[in-house]
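Welcome! Take a look at the model below, and then we can walk through it together by question and answer.

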Amino acid sequence: MFASHRFTVRRRALAAAGTAVALALTLAACGSSDDSSSMPGMDHGTHSSASPGASSPMGDMPGMNHMAAAVSGLSDSQDGYRLTSPERALASGKPAAYRFTINGTDGKPVTAFALEQTQRMHFYAIRSDLTGFQHLHPVMAPDGTWTADLAALTPGTWRMFTSFTPDSGTGKGKDLVLSRTVTVPGSVAETPLPAPAATAEADGYTITVKGQPMAGMAHPLTVSVSKDGKPVTDLQPYLDTYAHLTAFHEGDQAFAHLHPTTRVTGDNGGPDLAFHAELPTAGNWRLFLQFQTGGKLHTAAMTLNVG
């Protein structure tokens with residue numbers, strides 16, 4: 001009798017332990033960041049280091065500070081790769097050339113880069129007050145020196161972001177975002193960040209954003225394009241997508257690239273475009289949406305608040 005009782009207790013204990021293990025595995029799978037890797041380009045720009053002192057809205061929750069640090073792009077180095085440039089200051093009020101190299105783990109300029117959204121290098125310039133956005137595709141010389149031809153810059157501090165994927169070496173296939181700052185001398189007039197709004201205007205087009213991302217959580221975001229009150233359905237592919245969406249965080253200029261999930265089928269995109277939004281830090285983000293119609297590129301800017 002007692003032996004039978006002990007066997008029953010042992011069997012229940014083993015069953016409970018098995019349930020606990022299964023639950024732990026389920027939770028681990030739910031919390032895994034590998035889910036996003038199944039979608040091409042989903043981790044684009046999610047591997048660069050944060051600036052010293054960057055904070056996370058998740059406090060001391062394990063792994064959350066690492067996640068917030070991973071997507072900021074505020075460092076000039078990551079995993080042995082370094083952004084170097086002789087440019088510390090650029091002239092105000094006229095076009096300027098920003099020259100730079102990406103040095104690899106051996107300290108030599110990298111010359112092999114993979115295509116990412118049709119380009120081997122995406123370059124972004126943004127002023128500290130999140131104005132003056134420029135998105136360029138620089139040209140690389142045989143020695144690995146890139147040149148980004150910038151439009152005229154206004155006085156202030158500008159951050160130059162480079163987004164790329166090495167096609168050789170230890171970082172092959174890894175998406176990286178590195179940045180450095182430059183000074184544009186002159187009298188600085190800071191522009192207050194516009195209040196968060198669901199709509200924006202650009203070249204006669206109205207852009208409407210639906211969705212409310214939460215910091216540190218993947219969240220769908222829908223962008224709708226209309227003109228004169230009518231849905232737009234003639235968006236043309238731009239960088240292998242119908243719209244390119246980049247975001248910068250107010251205060252520290254942290255970088256994020258919101259990944260499109262709408263399939264491209266020809267020159268008939270719109271009116272609704274879906275994006276995968278994963279913004280690591282709470283607060284205001286300045287969004288820059290680029291889309292193309294009739295061979296012309298349009299850029300719309302709006303402020304999104306992330307809770």
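**Strands, rings and cavities**

L258 in strand 15 is the bridge partner of L245. This is a predicted model, in which local features need pLDDT of at least 70, side-chain atom pairs count only at pLDDT 80 or more, and totals for chains, interfaces and linings use all residues. Residues are numbered from 1 along each chain as its sequence is written, and side-chain values use heavy atoms, with hydrogens and water left out.

Q: Over how many bridges do strand 14 and strand 15 pair?
A: Strands here are DSSP runs of E with at least two residues, numbered from the N terminus, and two of them pair if DSSP finds at least two bridges between them. Strand 14 (residues 244-249) and strand 15 form a hairpin with 5 residues between them, and G251 in the turn has a positive phi of about 105 degrees. Their antiparallel pairing runs over 4 bridges.

Q: Is strand 15 largely enclosed or largely open?
A: Buried means under 20% relative accessible area, exposed means over 50%, and partly exposed lies in between, with a 1.4 Å probe and protein chains only. In strand 15 (residues 255-260), 5 of the 6 residues are buried, so the rest of the structure leaves this strand largely enclosed.

Q: Which residue is the bridge partner of H259 in strand 16?
A: Strand 15 also pairs with strand 16 in the antiparallel sense, over 2 bridges. In strand 16, H259 has as its bridge partner H276.

Q: Which strand gives the most to the lining of the largest cavity?
A: A cavity is a set of points on a 1 Å grid over the protein atoms alone where a 1.4 Å probe fits but cannot get out, and lining residues have an atom within 4 Å of a point. The largest cavity is lined by I207, V209, V223, L245, L287, F288, L289, A300 and M302. Strand 11 (205-210), strand 17 (283-293) and strand 18 (296-306) each supply at least two of the lining residues. The top contributor, with 3 residues, is strand 17.

Q: Is Q292 buried or exposed?
A: Q292 has its place in strand 17. Leaving aside neighbours within four places in sequence, its contacts (heavy atoms within 4.5 Å) include D234, Y238 and H298. Because its relative accessibility is 18%, Q292 counts as buried.

Q: Are the rings of F100 and W146 stacked or edge-to-face?
A: F100 stands opposite W146 in strand 7, and strand 3 (residues 96-103) pairs with strand 7 (residues 146-150) over 5 bridges. Rings of Phe, Tyr and Trp (its six-membered ring) pair if their centres lie within 6.5 Å; planes under 30 degrees apart count as stacked, over 60 as edge-to-face and the rest as tilted. By this rule the count comes to 15 aromatic pairs. With ring centres 6.3 Å apart and planes at 10 degrees, F100 and W146 are therefore stacked.

Q: What is the relative accessible area of W146?
A: Ring pairs link W146 into a cluster with Y98, F100, F113, F123 and F164. F100 is buried, with a relative accessible area of 1%. W146 is buried too, and its value is 4%.

Key
1 Å grid on protein atoms, 1.4 Å probe; cavity = no way out; pocket = protein on both sides within 12 Å on 5 of 7 lines; lining within 4 Å.
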